[in-house]
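Hi,

Here is the structure I promised to pass on.

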Amino acid sequence: MNASTLTLPDYLVRLDSPIGRLELTADDDAILSLNIEGGGSLPHDALPENPNAVLTEAARQLTEYFNGGRREFDVPVKLVGTPFQLSVWQSLATLGYGEYISYGELGALAGRPASGRAVGGAVGANPIPIIVGCHRVLASNQKITGYSGGNGIPTKVWLLDHESIVHL
């Protein structure tokens with residue numbers, strides 16, 4: 001995505017984490033996106049930070065998560081996508097710290113049990129990773145099949161290891 005196709009966020013904050021810098025955007029009421037630094041950049045690197053109360057709280061909770069002191073997030077999020085994407089993301093949001101699900105199980109929860117590729121696409125399009133834990137999705141044999149956030153599979157491995165989720 002290039003800068004000309006990005007919508008300027010109302011509010012923006014960045015923070016350092018063990019998996020790279022994070023960039024969160026929000027409106028007045030909820031988190032809209034969380035991006036993990038990949039290749040040394042973030043989508044809104046050229047913009048100054050403009051925090052609000054929602055972002056300040058999200059940054060605090062993320063810092064606690066990375067320090068091992070938080071196992072769930074309770075900041076408001078606003079997910080925008082297709083009805084199928086929303087059903088997948090809502091199912092992801094029910095997974096707790098240290099829990100995982102297979103793509104097939106996630107498809108069944110979303111009402112489309114034979115749609116592994118579509119489930120994978122929806123998982124990869126999750127606009128608020130970590131808080132909506134798309135890293136918790138594995139193949140049915142617990143193998144990592146990919147990850148679109150940050151630096152890809154190494155980012156996912158770090159998140160899974162942080163939550164003690166066994167993977168291959």
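A quick definition before anything else: I call a residue buried when its relative accessible area is under 20%, exposed when it is over 50%, and partly exposed in between (1.4 Å probe, protein chains only). By that cut-off, 45% of the 168 residues of the chain count as buried.

Keep in mind that this is a predicted model, so local features need pLDDT of at least 70 and side-chain atom pairs count only at pLDDT 80 or more, while totals for chains, interfaces and linings use all residues. Residues are numbered from 1 along each chain as its sequence is written, and side-chain values use heavy atoms, with hydrogens and water left out.

Now the overall fold. The chain has five helices and five strands (DSSP runs numbered from the N terminus: H or I of at least four residues for helices, E of at least two for strands). Along the sequence they come in the order β-β-β-α-α-β-α-α-β-α. The C-alpha trace spans about 45 × 35 × 30 Å along its principal axes.

Next, the inside. If you click on L62, you'll find it in contact (heavy atoms within 4.5 Å) with L15, L22, L24, L34, F73, I130 and I131, leaving aside neighbours within four places in sequence.

What does its side chain pair with? A polar contact of 3.4 Å joins the side chains of E23 and R14 (that is, N or O atoms within 3.5 Å, one able to donate a hydrogen and the other to accept it; residues adjacent in sequence count only if both atoms are side-chain atoms). A polar atom of the E23 side chain also lies 3.2 Å from the backbone nitrogen of H44.

Last, helix α5 (residues 153-162): T155, K156, L159, L160 and H162 are buried there. Their cover includes β3 (31-36), α1 (53-66), α3 (103-109) and β5 (137-138). After α5 comes S164, with a positive phi near 55 degrees.

Cheers
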